[in-house]
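Please walk me through this structure. Start with the overall build of one chain, then move on to the details.

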Amino acid sequence: MKHDPPLRTLIIGAGIAGMQAALEIANAGYGVVLVERLPSIGGRMAQLSETFPTLDCAQCILTPRTVETGHHPLIELFTYSQVKDIEPFPAGEGTGFRVLIHRHPAYVNWDVCTGCGYCQEKCPVRVDSEFERNLGKRKAIYTLSPQAVPNKPVIDRQHCIFFQRGKCRACERFCPTGAIDYTQEAQSVEIEVHAIILATGYELYDLSHLPEYGGGRMADVIDALAFERLLSASGPTAGKILRPSDGTVPREVVFIQCAGSRDPERHLPYCSKICCMYAAKQAMLYRHRVHDGQAYVFYIDIRAAGKRYDEFTQRAMEEDNVLYLRGKVSRLMRKDGKVYVLGADTLSGRQIEIAADLVVVAPAMLPHPETRRLAGMLGLPTDEHGWLLPLEPHLHPVETIRPGVFLAGTVTGPMDIPETVAHAGGAAAKVLSMFLHRTGALAGGAG
Amino acid sequence: MARIGVFVCHCGLNIAGTVNVQQVIEAVRGYPDVVFATDYRYMCSEPGQTLIRQAIAEYALDGLVVAACSPAMHESTFRKAAAAAGLNPYRVEIANIREQVAWPHQSEPEKATEKALDTVVSIVEKVRHDEPLVPLTFPVTRRVLVIGGGVAGLTAALEIANAGYPVLLVERSERLGGHVAQLSHLYPSFDPSDTLLTPLIEAVTSHPLIQVLTDAEVTGWEGQAGNFTVTVRGIPSPVKVGAAILATGFELYAQQRLPEYGGGRYPDVIDSLQFEAMLKAGEIHRPSDGRIPQEVVWVQCAGSRDPVSHCPYCSKICCMYVAKQAALYRRAIPGGQAYVFYIDVRSQGRGYEEFVRQVMEEYEVVYLRGKVSKIIERNGVLEVWGADTLSGQALHLNADLVVLAPAAIPGTGSEVLARLMRVATDESGFFAEVHPKLRPVESFTAGIYLAGAAQFPKDIRESVAQAAGAAAKVLQLFARGEMVAEPTVATVDEELCAGCGRCVEVCPYDARTMHPWRKLATVNAALCQSCGACAVACPNKATTIKNLSPRQIMAMVEALL
């Protein structure tokens with residue numbers, strides 16, 4: 001065979017699924033190339049405050065993973081990068097792929113940068129931060145969060161004064177190690193791998209698709225990830241619950257579930273699976289922060305199926321006095337600094353109107369656009385919503401029609417963290433099984 | 001003279017919201033041997049760890065105290081960071097000022113700050129006397145034991161065998177396939193379940209590396225991760241294995257425990273597996289008189305979600321299989337009427353929501369939101385009493401057949417296995433995972449992993465994914481070929497040991513034995529769990545736990561007083 005070991009795996013997406021699979025494979029002694037579109041790893045979980053049902057802070061349980069991934073001698077990180085092309089080895093050369101990775105220019109020489117943060121302090125530009133779901137600001141030179149791995153900044157060309165008007169250079173002037181490099185260009189790297197795991201995750205249905213809930217333009221109507229940032233100690237309000245419009249503490253907060261989910265006529269027919277649990281958690285955490293506040297949750301069915309999940313939602317209702325209302329919210333209205341929530345309580349059969357200070361919407365989950373792009377590149381089938389289809393749903397949940405290409409986590413549909421971790425472990429098992437078989441298992445691990 | 005650094009973590013607001021971190025830093029700076037002290041928002045983060053590594057180099061630190069969360073969370077994180085900077089990791093200790101200080105004393109910030117300082121200085125005393133140690137390594141036996149021949153166990157076995165490692169698969173019953181073998185069809189495809197199971201069983205039984213033992217049971221278990229010895233009823237001699245996967249599945253809550261539904265009393269009240277058997281046989285009839293039932297009621301959450309009388313948890317799989325059963329009933333008996341009583345319809349998974357909608361709309365199954373309160377049999381008719389919580393009305397239906405969806409409870413024999421193999425279980429008897437989010441396939445016992453419903457009820461797809469996840473853990477261990485263990489185990493000072501043997505008596509892990517010919521007690525470091533029972537029992541203080549010596553303990557206590 002032409003391609004001798006060392007065998008290595010390309011993993012696309014460095015959220016919890018991608019990191020889990022990477023560590024699983026690297027700890028068995030095989031190399032991993034981990035490609036992440038954003039400047040740092042951690043994915044959606046890095047945006048979360050605390051996690052159900054234990055209320056462990058997400059940062060506390062995630063950080064060891066991001067740091068371990070970042071430092072692992074067998075994991076090569078390509079952050080701020082995208083896979084541009086994948087070419088299978090010619091027939092007869094075994095399972096393998098030639099992969100073209102495109103690294104975006106950070107305009108910072110990461111080999112020299114120490115991550116001190118001076119550049120971010122000195123940069124005069126303040127723009128909305130995507131990581132903070134636009135509730136907080138970042139600079140034109142930025143890292144996603146203070147806990148970023150790798151802790152190296154990138155310059156956002158669109159907002160950088162130097163790139164737009166040729167002036168400023170503040171970051172360059174103050175950088176103590178001379179790491180700023182405005183002339184840096186995109187890099188293309190070609191590598192060979194012997195397995196691929198797709199772990200590009202999900203995104204949320206944009207509020208603009210939900211005109212009935214303000215379409216993303218109504219003040220104090222935010223999505224669930226934005227609320228996570230409000231709850232997070234490292235978020236824009238340092239963990240204080242303040243409404244975006246006027247910075248006051250909201251006394252009445254309404255959580256709307258199934259926003260875009262379970263609605264085959266107007267939106268998406270499927271259940272997004274994770275919202276029931278995180279809404280219960282969010283309502284609970286809100287009550288822990290604002291003791292005299294009232295939390296309402298509008299739901300169709302409470303889907304708390306998992307170890308200690310049902311008990312958790314019970315606790316939200318009984319101990320934290322979260323008021324659950326079975327019914328769908330028909331619309332929202334902004335009046336006198338309040339958001340009026342109009343809905344039906346299908347249990348009492350009555351119309352309900354709540355004058356809320358803040359409304360948190362749990363939008364449907366969608367496959368990430370990267371997933372569609374990669375599915376096209378690899379010729380992988382998806383369902384009509386764009387979720388990747390496994391080879392067979394029951395016994396082959398992580399395999400695809402392409403030998404050597406596996407799926408991990410929410411690329412296949414909505415999943416919560418434990419299911420994602422197990423699923424990603426399953427994808428890693430397939431890779432390890434394939435590699436060990438190839439090298440001769442009893443001869444030991446990596447070749 | 002030691003050179004100790006103290007690093008106090010804010011943990012966002014978790015610690016800093018209660019403890020005055022600056023005050024702790026100021027106070028500890030003056031403590032003997034503390035040459036550096038600082039704080040950071042998240043010490044475990046990349047910049048936090050960089051701070052630690054740089055300080056080790058800059059101040060030539062030879063010991064660290066990290067005041068942060070429980071050592072269960074981040075001890076290994078900080079030890080690794082220190083090792084990367086050239087410091088022996090066993091000279092790094094955690095002062096737990098989150099779980100033991102900030103969280104329980106939120107209402108008393110001043111006292112909490114005082115306690116945080118006391119905690120930190122007592123750990124400084126410990127670090128002062130910590131010995132630099134090296135982790136222990138043991139070779140691994142590269143064969144796995146899989147207990148349970150259901151879909152999870154079969155998947156795990158096949159995955160590991162396909163990689164090239166031998167598998168011993170032990171199944172209690174006479175056949176492989178577990179509960180899936182009892183099912184008629186799958187949801188949401190309506191494919192016969194045999195189309196899925198038969199090839200899987202075939203692949204396992206024909207695999208040269210898988211030894212299948214049916215009608216067998218694990219009766220003996222000893223050793224430690226990497227090197228266990230298992231005794232199985234049905235084979236003559238014990239077998240050495242390096243790891244085990246528990247795939248013991250679930251059982252249905254016995255109908256007899258549901259007297260309110262006439263379970264076990266009325267012949268025409270059956271459980272969902274009995275109904276599967278009817279579907280599989282293609283004959284749906286009432287057990288009492290053989291008539292074809294024209295009105296069938298499914299009762300969900302029978303024993304689930306009922307913290308007062310039965311199981312507090314949701315059994316997760318019932319909503320979907322009930323929808324499937326009702327649809328198959330309607331297919332088989334087009335004139336029949338199907339009703340489903342539910343609390344919440346939990347159809348979460350790709351295609352599941354759409355499936356239930358199809359069952360309601362195309363198969364015209366009537367869903368009633370409410371709990372059934374009682375079932376009474378009168379003249380061969382079952383009266384089902386319940387409430388429709390949507391209309392707010394009490395409801396009463398006459399049925400020919402009632403199908404209960406009983407709670408899923410831990411598989412038979414899992415309790416015995418848990419004791420035998422020393423594996424922790426949760427409050428419901430399912431095997432406990434190390435961390436519900438990030439370590440869902442690992443048991444608390446090193447080398448023993450969890451697959452499928454043994455950990456909590458799961459459907460086929462999820463069981464299979466988790467079984468593969470457990471297999472990944474085993475493959476990782478076998479590929480490495482060695483097991484690494486903590487060196488902080490019991491040790492014997494031969495000068496002091498009188499050979500009385502009390503340590504051997506008290507050791508719960510069989511880690512202590514007498515020397516074969518010298519009058520001396522010895523330690524099997526691979527088995528020792530550092531519990532300290534021997535150290536307490538030793539009358540001469542000849543036995544101590546490494547880095548938890550009496551001298552250290554006394555110094556820590558003095559610092560606290």
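In chain A, take the contacts between residues at least 6 apart in sequence: 68% of them join residues at least 24 apart. Keep in mind that this is a predicted model.

Chain A holds 10 helices and 24 strands. Its radius of gyration is 23 Å, close to the 22 Å that the globule rule gives for 447 residues, so chain A is as compact as a globular protein of that length. The C-alpha trace of chain A spans about 70 × 60 × 35 Å along its principal axes. Of the 447 residues in chain A, 55% are buried.

Now turn to a pair of helices. Two packed helices are described by the angle between their axes and the distance between the axes. In chain A, helix H1 covers residues 16–26 and helix H2 covers residues 58–71. Their axes come within 10 Å and cross at roughly 55°. The crossing of H1(A) and H2(A) is left-handed.

Which residues of H1(A) and H2(A) meet? From H1(A) come Met19(A), Ala22(A) and Leu23(A). From H2(A) come Arg65(A), Thr66(A), Glu68(A) and Thr69(A). By type, the residues of this contact between H1(A) and H2(A) are three nonpolar, two polar and two charged.

In all, 72 residues of chain A are in contact with 63 residues of chain B. On the side of chain A that touches chain B, the elements that give two or more residues are strand S4 (56–57), H2, helix H8 (309–318) and helix H10 (417–439) of chain A. H10(A) supplies the largest share of that side, 15 residues. The residues on the side of chain A that touches chain B divide into 34 nonpolar, 26 polar and 12 charged.

Next come some loops of chain A. Phe131(A) sits in the loop between strand S8 (126–128) and strand S9 (137–139) of chain A. Is Phe131(A) buried or exposed? Phe131(A) has 24 C-beta neighbours inside 10 Å, so it counts as buried; the cut-off is 20 or more. Leaving out residues up to four places away in sequence, Phe131(A) touches Gln47(A), Leu144(A) and Ser145(A). Asn151(A) is 20 residues from Phe131(A) in sequence, and their C-alpha atoms are 15 Å apart in space.

Pro236(A) lies in another setting, the loop between H6 and S16 of chain A. Pro236(A) counts as buried because it has 21 C-beta neighbours inside 10 Å. Pro236(A) and Gln164(A) are 72 residues apart in sequence. From C-alpha to C-alpha, Pro236(A) and Gln164(A) are 27 Å apart in space.

The backbone deserves a look too. Most residues other than glycine have a negative phi, and most peptide bonds are trans. Here are some exceptions.

Phe52(A) and Pro53(A) are joined by a cis peptide bond, with omega about -10°. Pro53(A) lies in the loop between strand S3 (50–51) and S4 of chain A. The bond from Val149(A) to Pro150(A) is cis as well, and its omega is near -5°. Pro150(A) is in the loop between strand S10 (141–142) and strand S11 (154–155) of chain A.

Ala238(A) is not a glycine, yet it has a positive phi of about 55°. The loop that holds Ala238(A) runs between helix H6 (224–231) and strand S16 (252–259) of chain A. How many other C-beta atoms lie within 10 Å of Ala238(A)? There are 14, so Ala238(A) is partly exposed.

Lys541(B) is placed in the loop between helix H14 (533–537) and strand S30 (543–545) of chain B. With 12 other C-beta atoms within 10 Å, Lys541(B) is exposed, because 12 or fewer is the cut-off.

How values were computed: Residues are numbered from 1 along each chain as its sequence is written. Chains are lettered from A and ligands numbered from 1 in the order in which they are written. This is a predicted model: local features need pLDDT of at least 70, side-chain atom pairs count only at pLDDT 80 or more; totals for chains, interfaces and linings use all residues. Axes are lines fitted to C-alpha atoms, for helices over the stretch in contact, and angles run from 0 to 180 degrees between N-to-C directions. Helices (H or I, at least four residues) and strands (E, at least two) are DSSP runs, numbered from the N terminus. A crossing is left-handed if the near helix is turned anticlockwise from the far one by less than a right angle, and right-handed if clockwise. Two residues are in contact if their C-beta atoms, placed from the backbone, lie within 7 Å. Ala, Val, Leu, Ile, Met, Phe, Trp, Tyr, Cys and Pro count as nonpolar, Asp, Glu, Lys and Arg as charged, and the others, Gly among them, as polar. The radius of gyration is taken over C-alpha atoms; the globule rule is 2.2 Å times the number of residues to the power 0.38.
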